[in-house]
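Hi there,

I am handing over the structure we talked about, and my notes follow below it. Please have a look at the model first and then read on.

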Amino acid sequence: QKEVEQDPGPLSVPEGAIVSLNCTYSNSAFQYFMWYRQYSRKGPELLMYTYSSGNKEDGRFTAQVDKSSKYISLFIRDSQPSDSATYLCAMVSGGSNYKLTFGKGTLLTVNP
Amino acid sequence: GAVVSQHPSWVICKSGTSVKIECRSLDFQATTMFWYRQFPKQSLMLMATSNEGSKATYEQGVEKDKFLINHASLTLSTLTVTSAHPEDSSFYICSAPVRQETQYFGPGTRLLVL
């Protein structure tokens, strides 16, 4: 079993839809959880990060973490064509370790 | 957010030549930087951890003599692909952490070896 599982999609939705992206993980040592957005041929861009169970909201984006179920989600409200990208979840354990463990990424297309 | 730059953004070279890629943290100091490569439609694969003032730590299966890493200052790490071959063609990306939960990536360098 891989440490981080993420459905690669592709996921195609109409403009304005609510998008739900998910990752599961097996390593209980993970303490910090991040979502990155990567446009084609670009480096990943940090969207949101969180380190506790619960929800964190930033504009149209909501990150959700359930540590008891080892499950994280990213919700995108009122999705726009400009949201079309690959979304990567990433996790890191505590201490002095800065190495990220990534999911495979989910390719999202928002159709106008 | 913090800014990480890479240079060049793309490079084409002949087989057998060496290519150097620079990664800079522009507005913060980074004692640690990471180098990744990414193939089309795949996730990022960590190649090595670059440590300022000491040797890089390579992931299993990554040839340290082929991918030379130098972290000479708190804002600069370089990756040199030595004696490049067509199979080294890929998208190379660096990252630098500000804190554990905030790690920023460069825009990437596309390498094509002919």
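How much area do chain A and chain B bury between them, and what percentage of it is on carbon and sulfur atoms? The two chains bury about 1,800 Å² between them, with 59% of it on carbon and sulfur atoms. Buried area here is the accessible area (1.4 Å probe) that two parts lose on being put together, summed over both.

Before the rest, a word on conventions. This is a predicted model, in which local features need pLDDT of at least 70 and side-chain atom pairs count only at pLDDT 80 or more, while totals for chains, interfaces and linings use all residues. Residues are numbered from 1 along each chain as its sequence is written, chains are lettered from A and ligands numbered from 1 in the order in which they are written, and side-chain values use heavy atoms, with hydrogens and water left out.

**The interface**

Chain A brings 23 residues to the contact and chain B brings 21 residues, where contact means heavy atoms within 4.5 Å. On the chain A side, A:R41, A:Y98 and A:K99 lose the most area to chain B, and together they make up 31% of what that side buries.

Six residue pairs across the interface are in polar contact, both residues being at pLDDT 80 or more. A polar contact is a pair of N or O atoms within 3.5 Å; within protein, one must be able to donate a hydrogen and the other to accept it, and residues adjacent in sequence count only if both atoms are side-chain atoms.

Which elements give two or more residues to the side of chain A that touches chain B? They are strand 4 (30-38), strand 5 (45-50) and strand 9 (85-93) of chain A. Strand 4 of chain A gives the largest share, four residues. Strands (E, at least two residues) are DSSP runs, numbered from the N terminus. By residue type, this side of chain A divides into eleven nonpolar, eight polar and four charged.

Five strands of chain A form an open sheet in the order 1-3-8-7-6, with antiparallel pairing; two strands pair if DSSP finds at least two bridges between them. Strand 1 (4-6) and strand 6 (54-58) of chain A are the edge strands, each pairing on one side only. Neighbouring strands are turned by 15 degrees against each other on average, direction ignored; the axes are lines fitted to C-alpha atoms.

Going across this sheet, strand 1 of chain A is joined to strand 3 (residues 19-25) by three bridges, and A:E5 stands opposite A:T24. Strand 3 of chain A is joined to strand 8 by six bridges, with A:N22 opposite A:S73. Strand 7 and strand 8 of chain A also pair over six bridges, and A:V65 has A:I72 as its bridge partner. These two strands form a hairpin with four residues between them, where A:K70 in the turn has a positive phi of about 55 degrees.

**The sheet in chain B**

Chain B has an open sheet of four strands in the order 1-3-8-7, also with antiparallel pairing. Its edge strands are strand 1 (4-7) and strand 7 (67-73) of chain B, and the twist averages 20 degrees from one strand to the next. Strand 7 of chain B pairs with strand 8 (residues 76-81) over five bridges. Within that pair, B:N70 stands opposite B:T78 and B:I69 opposite B:L79. A hairpin through two residues joins the two strands.

**Backbone points to check**

Most residues other than glycine have a negative phi, and most peptide bonds are trans. A:K70, with its positive phi of about 55 degrees, is not a glycine. The peptide bond from A:G9 to A:P10 is cis, with omega near 10 degrees, and A:P10 is found in the loop between strand 1 and strand 2 (11-14) of chain A. In chain B, the peptide bond from B:H7 to B:P8 is cis, with omega near 0 degrees; B:P8 lies in the loop between strand 1 and strand 2 (10-13) of chain B.

Best wishes

Conventions. Nonpolar A, V, L, I, M, F, W, Y, C, P; charged D, E, K, R; others polar. Axes fitted to C-alpha atoms, helices over the stretch in contact; angles between N-to-C directions.
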